[in-house]
Amino acid sequence: MLITLVAYVEILHVWLFPDVSLWVLYLICMILAYSYTTSGFRAIIGGSLLAVLFVLPFLFFQPLTSESIELWQFVPCI
């Protein structure tokens, strides 16, 4: 268990959060693991639902490009 946690936190630290200290990532992973094991299936479903709700808007987000913006719409009428 501990070797898996160390490997997971190292990957998170190197790839995603290089500015965050390791102990913070360890603490977050341990809190998540504790809550999942004590709460059981309900906590896993709740975490999954939150992950889907946080990711879902980004799937439908279309960034504005210079081709999609028509600047004449922002000119005031004279």
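User: How many of the 78 residues of the chain count as buried, in percent?

Analyst: The share is 9%. Buried means under 20% relative accessible area, exposed means over 50%, and partly exposed lies in between, with a 1.4 Å probe and protein chains only. This is a predicted model, where local features need pLDDT of at least 70, side-chain atom pairs count only at pLDDT 80 or more, and totals use all residues. Residues are numbered from 1 along each chain, and side-chain values use heavy atoms, without hydrogens or water.

User: Why is L49 called partly exposed?

Analyst: Its relative accessibility is 49%, so L49 counts as partly exposed. L49 lies in helix α3, residues 41-60.

User: What makes L49 part of a nonpolar patch?

Analyst: Patch residues have over 30% relative accessible area and no salt bridge, and nonpolar side chains are joined within 5 Å. L49 forms the patch with L50, V52, L53, F54, V55, L56, L59 and F60. Together they have about 960 Å² of accessible area.

User: Which elements does the chain have?

Analyst: The chain has three helices and zero strands. Helices are DSSP runs (H or I) of at least four residues, strands (E) of at least two.

User: Why is α1 called oblique to α2?

Analyst: The axes of α1 (residues 2-16) and α2 (residues 22-39) come within 10 Å and cross at roughly 125°. Under 35 degrees is roughly parallel, over 145 roughly antiparallel, 65 to 115 roughly perpendicular, and the rest oblique. Therefore α1 is oblique to α2.

Key
Patches are made of residues with over 30% relative accessible area and no salt bridge: like charges are joined within 9 Å, nonpolar side chains (Val, Leu, Ile, Met, Phe, Trp, Tyr) within 5 Å. Accessible areas come from the Shrake-Rupley method with a 1.4 Å probe; for residues, only the protein chains shown count as cover. A salt bridge is a side-chain nitrogen of Lys or Arg within 4 Å of a carboxyl oxygen of Asp or Glu. Axes are lines fitted to C-alpha atoms, for helices over the stretch in contact, and angles run from 0 to 180 degrees between N-to-C directions.
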